[in-house]
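Subject: Structure handover

Hello,

Here is the structure for you to look through. My notes follow below it.

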Amino acid sequence: MFEAVAFYLFAFLTITMFLITVLSSQALYALSALAAGMIFISAFFFILGADFLGAVQIIVYTGAVMALYAFGMMFFDTTREVKEKKGNKFIIIGLSTLAAVMVVAIFAAPIVSTNMQAFYPMIDGVGNTQQVGLVLFTKYLIPFEVAAVMLLVAMVAGIVLAGKKMDLSLTLMNAEDIKRIEDEQNKKVLS
Amino acid sequence: MEIGLNHYLILSTILFAIGLVGIMRRKNLLLLFFATEILLNAVNIGFAAISHYYGDLTGQMFAFFVIAIAASELAVGLGLLIVWHKRHGNIDLDTMTSMRG
């Protein structure tokens with residue numbers, strides 16, 4: 001009973017928040033609604049007994065990803081209204097529903113066709129975090145290391161891409177220097 | 001009323017459809033990134049639900065890797081967006097036609 005109430009409450013909240021994210025014309029509203037939706041999704045993980053995954057969801061998504069988006073939005077002009085694509089609404093909604101149903105069919109087909117056996121079954125009397133550690137550092141050690149290398153590469157790429165010319169500050173320069181830098185940039189873009 | 005696997009899969013479908021609608025109607029690249037985050041999270045719910053109802057930890061493992069991929073995709077994508085915005089002053093998808101695609 002309690003589980004059902006929690007499920008329907010958080011399902012309603014998550015769908016509402018993501019609808020706001022998708023349909024709002026203000027980028028700031030979309031960002032806030034997305035952050036709220038991420039926290040509500042972690043509630044499903046706690047209901048499902050995946051405690052560690054829920055904690056990771058909160059830490060990574062609302063702690064790191066949303067903070068990064070918020071800092072990134074300082075570079076962009078987010079106060080103006082976002083322009084939307086003008087397309088046929090029925091085509092968009094129809095295609096989205098079709099694709100989503102196909103994704104669930106991909107998930108459900110192996111479950112329906114055979115009796116699925118647990119590959120790495122859960123151990124009784126051991127907490128979720130300990131189970132995750134046991135499986136992650138034995139069976140999934142190589143994917144884990146590869147994911148670490150991928151995150152390192154992404155960090156280096158982010159620094160290299162966004163950190164260009166971070167050493168010179170536009171507020172501390174005089175007008176002629178800024179004009180010269182802009183001219184150089186325009187030349188680069190045109191060539 | 002008992003909540004079963006189908007409930008979670010239907011919720012996952014609904015969230016995935018919302019994300020796809022977002023991808024198809026957004027023109028601003030930053031908001032397009034938001035829609036991809038919704039897609040990844042919808043799939044994560046499906047993974048966690050299957051992991052719970054079949055007593056198997058593989059689903060949770062894949063959810064972790066999906067989160068790692070989402071984080072690294074965001075770092076690279078946001079860096080590229082900042083570079084593009086510094087050069088051109090906007091991040092609309094329709095203006096990115098320098099490759100005449």
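**Chain A**

Read along the sequence, chain A follows the pattern α-α-α-α-α-α-α, with 7 helices and 0 strands. Helices (H or I, at least four residues) and strands (E, at least two) are DSSP runs, numbered from the N terminus. The model is predicted: local features need pLDDT of at least 70, side-chain atom pairs count only at pLDDT 80 or more, and totals for chains, interfaces and linings use all residues. Residues are numbered from 1 along each chain as its sequence is written, while chains are lettered from A and ligands numbered from 1 in the order in which they are written.

Of the 191 residues in chain A, 19% are buried. A residue counts as buried if 20 or more other C-beta atoms lie within 10 Å of its own, as exposed if 12 or fewer do, and as partly exposed in between, with C-beta atoms placed from the backbone. Two residues are in contact if their C-beta atoms, placed from the backbone, lie within 7 Å. Among the contacts in chain A with a separation of 6 or more, 46% are between residues 24 or more positions apart.

One residue of chain A to look at is A:Arg180, in helix H7 (residues 175-190). A:Arg180 is exposed, with 11 other C-beta atoms within 10 Å. From A:Arg180 to A:Ile59 the C-alpha distance is 43 Å, and the two are 121 residues apart in sequence.

**Chain B**

Chain B has 3 helices and 0 strands, in the order α-α-α from the N terminus. The C-alpha trace of chain B spans about 55 × 25 × 20 Å along its principal axes. The radius of gyration of chain B is 17 Å, whereas a compact globule of 101 residues would have one near 13 Å. That radius is taken over C-alpha atoms, and the globule rule is 2.2 Å times the number of residues to the power 0.38. Buried residues are 50% of the 101 residues in chain B. Residues 24 or more positions apart also account for 50% of the contacts in chain B with a separation of 6 or more.

Helix H2 of chain B (residues 29-53) has 25 residues and reaches 37 Å from its first C-alpha to its last, close to the 36 Å expected at 1.5 Å a residue. The expected span is 1.5 Å times one less than the number of residues in the helix. H2(B) is largely enclosed by the rest of the structure, because 19 of its 25 residues are buried. After H2(B) comes B:Gly55, which has a positive phi, near 60°.

**Where the chains meet**

In total, 60 residues of chain B are in contact with 69 residues of chain A. On the chain B side, the elements that give two or more residues are H1, H2 and helix H3 (58-88). H3(B) supplies the largest share of that side, 21 residues. By class, the side of chain B that touches chain A has 39 nonpolar, 15 polar and 6 charged residues. Here Ala, Val, Leu, Ile, Met, Phe, Trp, Tyr, Cys and Pro count as nonpolar, Asp, Glu, Lys and Arg as charged, and the others, Gly among them, as polar.

The contact of H1(A) with H1(B) has 11 nonpolar, 4 polar and no charged residues.

Helix H2 of chain A (residues 27-47) and H2(B) also pack at an angle of about 10°, and their axes are 11 Å apart. H2(A) is thus roughly parallel to H2(B). Among the residues making the contact are A:Leu34 and A:Met38 of H2(A) and B:Phe34, B:Glu37 and B:Asn41 of H2(B). The residues of this contact divide into 12 nonpolar, 1 polar and 1 charged.

**B:Phe34**

B:Phe34 lies in helix H2 of chain B and is buried, with 24 other C-beta atoms within 10 Å. Not counting residues up to four places away in sequence, B:Phe34 touches A:Thr21, A:Ala30, A:Leu34 and B:Gly22. The C-alpha atoms of B:Phe34 and B:Gly19 are separated by 8.4 Å, and the two residues are 15 apart along the chain.

Regards

Notes: Axes are lines fitted to C-alpha atoms, for helices over the stretch in contact, and angles run from 0 to 180 degrees between N-to-C directions. Angles under 35 degrees count as roughly parallel, over 145 as roughly antiparallel, 65 to 115 as roughly perpendicular and the rest as oblique.
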